[in-house]
Amino acid sequence: MVGRTGGRGGSVSLSLLDGFEARHGEATVDLPPAAQRLVAYLALQPRPVLRIRVAGALWPESTDDKAAACLRSTLWRVGRSVGLTEATTTHVRLAPHVVVDVPGAAAHARRLVDGTAGDDELHDPSSCLNLLPDWYDDWVTIERERLRQLGLHALEALCLRLATCGRYGEAVDAGMRAVAAEPLRQSAQRALIRAHQAEGNHSEAVRQYDRYRALLLDSLGVEPMFRLEEPIGAAP
């Protein structure tokens with residue numbers, strides 16, 4: 001059993017997308033930078049983590065003894081707030097009452113990608129593109145890229161799904177968000193072009209294709225690997 005390092009009861013919401021923020025009810029939980037990183041690291045782990053692994057990830061340039069001491073000190077500081085963490089002599093985890101925004105956003109994006117999202121879930125998944133901006137720890141950059149790729153696939157899937165449903169303005173907006181996030185990404189450009197075609201805006205489709213072709217030639221010296229197609233949902 002993992003023991004709590006502190007707490008006052010009640011749920012805590014933790015936001016990692018678009019920046020770090022912890023809230024206990026209506027109040028913001030103020031944490032020093034080292035405590036924020038500990039809480040964020042644990043929030044991204046699916047299960048309790050060995051203390052030595054946490055210490056090594058958060059204080060990689062310190063000796064093992066120094067890193068372990070830093071972890072003990074940081075756990076004490078976190079425990080003075082609202083019990084965001086739980087720890088034993090061997091493991092640390094995020095407290096169960098802490099609700100994190102990342103799993104819900106990632107699950108929504110996956111449903112868009114695999115086609116199981118309901119009609120009431122056809123909304124912007126692009127928060128996945130911005131995990132803890134301006135944090136440059138290795139463990140953050142790896143997870144950020146994983147979520148960014150998931151978010152891009154979700155935006156593309158959303159674009160095509162909305163176009164199929166006849167919600168063309170929203171489809172184009174989703175496609176443009178994907179293209180803005182990664183202009184050289186072929187699947188994003190293709191989804192946006194197909195949304196223009198589905199709406200019957202063939203001039204917009206050609207213009208977007210020509211812009212993408214010019215960008216690709218200028219940046220990589222290659223041609224697009226797809227040609228303009230018939231619009232999705234078009235009558236035979």
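Predicted model: local features only at pLDDT ≥ 70, side-chain atom pairs only at ≥ 80, totals over all residues.
A search of the whole structure turns up 14 salt bridges and zero disulfides.

**Helix H7**

- Let's start with helix H7, which covers residues 186-199 and has 14 residues.
- Which residues of H7 are buried? They are Ala188, Gln189, Ala191, Leu192, Ile193, Ala195, His196, Gln197 and Ala198.
- The cover over those buried residues includes H5, helix H6 (168-181) and H8.
- After H7 comes glycine 200, and its phi is positive, near 90°.

**Salt bridges**

- Arginine 23 and glutamate 21 bring their side chains together in a salt bridge, at 3.4 Å from N to O. Arginine 23 is partly exposed, since its relative accessibility is 23%, and glutamate 21 is partly exposed too, at 33%.
- Aspartate 137 pairs up with arginine 37 in a salt bridge of 3.2 Å, N to O. This pair links distant parts of the chain: aspartate 137 sits in the loop between H4 and H5, arginine 37 belongs to helix H1 (residues 33-43), and the two are 100 residues apart.
- Are the two partners buried or partly exposed? Aspartate 137 is buried because its relative accessible area is 19%, which is under the 20% cut-off. Arginine 37, at 24% relative accessibility, counts as partly exposed.
- Arginine 148 and glutamate 145 form a salt bridge as well, this time at 3.0 Å from N to O. Both are in helix H5, and because they are three residues apart, about one helical turn separates them.
- Here's the general idea behind that spacing: an α-helix has 3.6 residues a turn, so residues three or four places apart point the same way.
- Within this pair, arginine 148 is buried at 19% relative accessibility, whereas glutamate 145 is partly exposed at 35%.
- Some salt bridges share partners, and in this way Asp124, Asp173 and Arg177 are joined into one network.

- A quick reminder: a disulfide is a covalent bond between the sulfur atoms of two cysteines.
- For scale, the cut-off for a disulfide is 2.5 Å between the sulfur atoms.
- Cysteine 159 is buried, with 0% relative accessibility, while cysteine 165 is partly exposed, with a relative accessible area of 42%.

**Loops and positive phi angles**

- Aspartate 18 has a positive phi, near 70°, even though it isn't a glycine. You'll find aspartate 18 in the loop between strand S2 (12-15) and strand S3 (21-24). At 52% relative accessibility, aspartate 18 counts as exposed.
- Aspartate 134 is another residue that is not a glycine but has a positive phi, about 75°. Where is aspartate 134 found? It lies in the loop between H4 and H5. Aspartate 134 is exposed, with 61% relative accessibility.
- Glycine 118 is also placed in the loop between helix H4 (101-114) and helix H5 (138-164). With a relative accessible area of 24%, glycine 118 is partly exposed.
- Glycine 118 and histidine 108 are 10 residues apart along the chain, and their C-alpha atoms are separated by 10.0 Å.

- Which residues make the nonpolar surface patch of about 240 Å²? Leu184, Leu220 and Val222 do.
- Valine 222 comes in the segment after helix H8 (202-220). Valine 222 is partly exposed, with a relative accessible area of 39%.

Note on methods: Residues numbered from 1 in each chain as written. Heavy atoms only, no water. Patch = residues over 30% accessible without salt bridge, like charges linked within 9 Å, V, L, I, M, F, W, Y side chains within 5 Å. Areas by Shrake-Rupley, 256 points an atom, 1.4 Å probe, with all protein chains shown as cover. Salt bridge = Lys/Arg side-chain N within 4 Å of Asp/Glu carboxyl O. Helix = DSSP H or I, 4+ residues; strand = E, 2+ residues; numbered from the N terminus. Buried < 20%, exposed > 50% of the residue type's maximum accessible area, 1.4 Å probe, protein only. Expected span 1.5 Å × (residues − 1). Contact = heavy atoms within 4.5 Å.
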